Amino acid sequence: MKNYSKSNSFGLLLGFSGYTILVLLDSIIKKNLVQQYPVFEIIFYICLFSFIPILITLTIVGNWNRLLNNKVHIQILRGLLAIICGYLIVNSFKHHALIEIYPILFSTPLILTILSYFVLKEKVGALRWMAVILGFIGVLVVSRPGTIHFTLALLGLFLAALILAINVLIIRLLANSQSSIAFAFYGSVAGFVLSGIINYSNYVPITLPDLFILIFCGIIGGFGGLCISGASKILESSVFAPIQYVQLVVGFILGYLIFNDLPDRFEVIGSLIIVCSGLFIIYRENKLKIRPFLSDKSRIRDMFLRGH
C-alpha cells in the first residue's frame, strides 16, 4: 500500500508537471514567436527539437524495439491530424487569450462521447447526453457566436477539439498495442516531415535568440508529453483524466502574469459549465467501466496529449 501511494504521488507529480509545461510552452509561443513566424515553421522546429528528450528517454530505457510495430501508417495519420490540430491551436494565439482557448479545447470529451455513440455504437445514457448538451452550451457562452468576440480562430479551436477526439477514436479502433514512446516518436517524425513540406516555400529566417527559444520550446514540449504519458501509465484513468483541467488554472495565472489577461464573466461561466460537464462524463465513463483510451495492457491515456 505504501509503494502504491508513492507511485500515485509520483504519477500526480508527472501529470501536473506535464500539463503545466504545455501551458508554459503555449505562453512562450504566444509571447515570442507566433507574431513573427509562420505557424507551420514554429511547429517544424518544435517537432525537430522535441526529439531531444524522446531520444534521451529511449537511450535510458534501452529498448529501441518499442519503435518496431506494424501500425506506422496509423502513426503517420495521427501525425497529420496532430499537425492540423497544432496549427489551429497555435494560430489562435494570435487573436485570443489562453483563458479563452483552453475551455473550447476541453470540449474534446463531449465530442468523443458523440463519436463513440455513432461510430463505436456505444450506449450513451440520458445523463451523459445531458452533460454533452450542457457542455456545448458552455462552449457557446465562451465563444459567443454572432458577436465581435467570435472569430474564425475560435471556430478553428472547435475543429481542433474535433480532431483530438478523432485521434482518440483511431487509437480505440486500431492502435491498442502501441507504446507511449512510439506514439511520441512517430508523432514527432510525422509532424517534423509534414510541417517541413508545408512550410518549404514560406520559410522565414530564424534569428539566433529565437532559435534558442525554439530549442527550449521543443525540449520542454517533448518532456511535457513524456511526463503526461508517464502519468497515464501510473494513474488510474479516473485520477488521470481530470488532471488536464489544471491547464485552466495555470493558463489563468500565466495569462494574467505575462499578458495581463483577465477572463470576463462569460468566459468564467462558460468554463465552469464545460469543466463540470467534462468531469461528469469522465466520472460516468469510469463508473460504467468505459475507457476512451487504450487497452489495459498498455495503459496509455492519449486523449489530451495534443499530438505530443
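A salt bridge here is a side-chain nitrogen of Lys or Arg within 4 Å of a carboxyl oxygen of Asp or Glu. This is a predicted model, in which local features need pLDDT of at least 70 and side-chain atom pairs count only at pLDDT 80 or more, while totals for chains, interfaces and linings use all residues. Residues are numbered from 1 along each chain as its sequence is written, and side-chain values use heavy atoms, with hydrogens and water left out.

**View 1. Arg 144, Asp 264 and Glu 267 are linked in a network of salt bridges.** Welcome to the first close-up! The side chains of Arg 144 and Asp 264 meet at 3.0 Å, N to O. This pair joins distant parts of the chain, 120 residues apart: Arg 144 sits in the loop between helix 6 (126–143) and helix 7 (152–174), and Asp 264 in the loop between helix 11 and helix 12 (265–287). Helices are DSSP runs of H or I with at least four residues, strands are runs of E with at least two, and both are numbered from the N terminus. Glu 267 also forms a salt bridge with Arg 144, at 3.5 Å, N to O. Glu 267 lies in helix 12, so this pair ties together parts that are 123 residues apart in sequence. Arg 144 counts as buried at 15% relative accessibility, whereas Asp 264, at 28%, is partly exposed. Buried means under 20% relative accessible area, exposed over 50%, and partly exposed in between (1.4 Å probe, protein chains only).

**View 2. Helix 2 has a kink of about 25° at Ile 52.**

**View 3. Leu 257 is an exposed residue of helix 11.** Helix 11 runs over residues 246–259, and Leu 257 has a relative accessible area of 63%.

**View 4. Gln 244 is tucked into a loop as a buried residue.** This loop lies between helix 10 (237–240) and helix 11, and the relative accessibility of Gln 244 is 0%.

**View 5. Stepping back, the protein chain has 12 helices and zero strands.** Buried residues make up 54% of its 308 residues.

Note on methods:
The bend at a residue is the angle between axes fitted to the seven residues ending there and the seven starting there.
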